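Dear colleague,

I am handing over the structure below, and I would ask you to keep it open while you read the notes that follow it.

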Amino acid sequence: MQFDSLKDFINMGGYGFYVWLSYGVTIASLGTLIILSVRKKRTVLIEIAKKITREQRLKETRGNNRESKT
């Protein structure tokens, strides 16, 4: 291992703040992206289910109207 101690590893030769900050920003960005994507997917699936239900009701209503006219 190139570092003599855990403290040296965390310090990264004086650049530790920037290195760990970049890791933190990356993880936070990916986490936010994942959370927002999951929420959007859930919303889209709910909208699709509503649309399918609405279309089925319309088909049933149109079918009932045709039967009652004949």
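Which residues gather in a patch of positive charge on the surface? Please bear in mind that this is a predicted model. The patch is formed by Lys50, Lys51, Arg54 and Arg57. Of these residues, Lys50 is found in helix H2, which covers residues 16–69, and Lys50 is partly exposed, its relative accessible area being 46%.

Next come the aromatic rings. A pair of aromatic rings is described by the distance of the centres and the angle of the planes. Searching the whole structure gives four aromatic pairs. In one of them, the ring centres of Phe3 and Phe9 are 5.4 Å apart and the planes stand at 75°, so this pair is edge-to-face. Phe3 is partly exposed at 28% relative accessibility, and Phe9 is partly exposed at 28% as well. The rings of Phe9 and Trp20 also make an edge-to-face pair, because their planes are at 70°, with the centres 5.7 Å apart. Since Phe9 lies in helix H1 and Trp20 in helix H2, this pair ties together parts that are eleven residues apart in sequence. Trp20 itself counts as partly exposed, at 35% relative accessibility. Taken together, ring pairs link Phe3, Phe9, Trp20 and Tyr23 into a cluster.

Finally, please look at the loop between helix H1 (6–11) and H2, where Met12 has its place. Met12 is not a glycine, and yet its phi is positive, at about 50°; with a relative accessible area of 22%, Met12 is partly exposed.

With kind regards

Definitions and conventions. Residues numbered from 1 in each chain as written. Predicted model: local features only at pLDDT ≥ 70, side-chain atom pairs only at ≥ 80, totals over all residues. Heavy atoms only, no water. Patch = residues over 30% accessible without salt bridge, like charges linked within 9 Å, V, L, I, M, F, W, Y side chains within 5 Å. Areas by Shrake-Rupley, 256 points an atom, 1.4 Å probe, with all protein chains shown as cover. Salt bridge = Lys/Arg side-chain N within 4 Å of Asp/Glu carboxyl O. Lys, Arg positive; Asp, Glu negative; His and termini not counted. Charge placed at Lys NZ, Arg CZ, Asp CG, Glu CD. Helix = DSSP H or I, 4+ residues; strand = E, 2+ residues; numbered from the N terminus. Buried < 20%, exposed > 50% of the residue type's maximum accessible area, 1.4 Å probe, protein only. Phe/Tyr/Trp six-rings, centres within 6.5 Å; stacked < 30°, edge-to-face > 60°.
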